[in-house]
There are 2 protein chains.
Amino acid sequence: MSVVVVDVMPKPEILDAQGQAVADALTRLGVSGIAGVRQGKRFELQVDGPLDQTQRERIEQAAAQLLANPVIEQYEVHVSQDSLS
Amino acid sequence: MSVVVVDVMPKPEILDAQGQAVADALTRLGVSGIAGVRQGKRFELQVDGPLDQTQRERIEQAAAQLLANPVIEQYEVHVSQDSLS
């Protein structure tokens, strides 16, 4: 079993109202020094067996087409766990 | 500037309908071997200057109170970048 993580975050130039609300709330809760917060999505894909090259490429494509909106979001794909079983 | 990342994911025993929909869509898009997908949230907190112990503890508390719902979600806090400036 392999686990592939896709992190999707709003691009830096995009206004992130949710992140701003979280930043305000953190400051109210007494966390000092918060300069900003960005809120995004995290996907954990469980893949049967070890990850092959084709699967990795298809997941990269799917990240761009399905999981992220490349107009306003940036994404990062990384294998978090790669078992040999 | 330090960046603290808080990853919030649904607990394994909680039904994740969004993740299931993504798993189905990935399979339709031709990604083989997808055993399951979990969808969660990722927060990137930008903190001024280096992170001190108090800030770290407050962020841990805020993660449990504000960012995650501990009844249905689990979370992980890690410092992604810790500058000395």
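Where is Val4(A) found? Val4(A) sits in strand β1 of chain A, where strands are DSSP runs of E with at least two residues and helices are runs of H or I with at least four, numbered from the N terminus. Before going on, some housekeeping: this is a predicted model, so to speak of local features pLDDT must be at least 70, side-chain atom pairs count only at pLDDT 80 or more, and totals for chains, interfaces and linings use all residues. Residues are numbered from 1 along each chain as its sequence is written, chains are lettered from A and ligands numbered from 1 in the order in which they are written, and side-chain values use heavy atoms, with hydrogens and water left out.

Back to Val4(A): it counts as buried because its relative accessibility is 1% (buried is under 20% relative accessible area, exposed over 50%, partly exposed in between, with a 1.4 Å probe and protein chains only). Setting aside residues up to four places away in sequence, Val4(A) touches a list of residues including Phe43(A), Leu51(A), Ile59(A) and Val77(A); contact here means heavy atoms within 4.5 Å. The rest of the strand is like that too: nine of the nine residues of β1(A) are buried. One side carries Ser2(A), Val4(A), Val6(A), Val8(A) and Pro10(A), the other Val3(A), Val5(A), Asp7(A) and Met9(A).

What does β1(A) pair with? Its partner is strand β2 of chain A (residues 34-47), antiparallel, over seven bridges; a pair takes at least two DSSP bridges. In that pairing, Asp7(A) stands opposite Arg42(A).

Arg42(A) also leads us across to the other chain, as its side chain forms a salt bridge with that of Asp7(B), at 3.2 Å from N to O. The rule (a side-chain nitrogen of Lys or Arg within 4 Å of a carboxyl oxygen of Asp or Glu) finds two salt bridges across the interface of chain B and chain A. On the side of chain B that touches chain A, β2(B) gives the most, with 14 residues.

How many residues are in contact overall? It's 33 of chain B with 33 of chain A. The buried area is about 2,900 Å², 63% of it from carbon and sulfur atoms (that is accessible area, 1.4 Å probe, lost on putting the two parts together, summed over both).

Finally, the symmetry: a rotation of 180° with 0.0 Å of shift along its axis superposes chain B on chain A, RMSD 0.0 Å, by least squares on C-alpha atoms with pLDDT of at least 70 in both copies. That is the relation of a two-fold axis.
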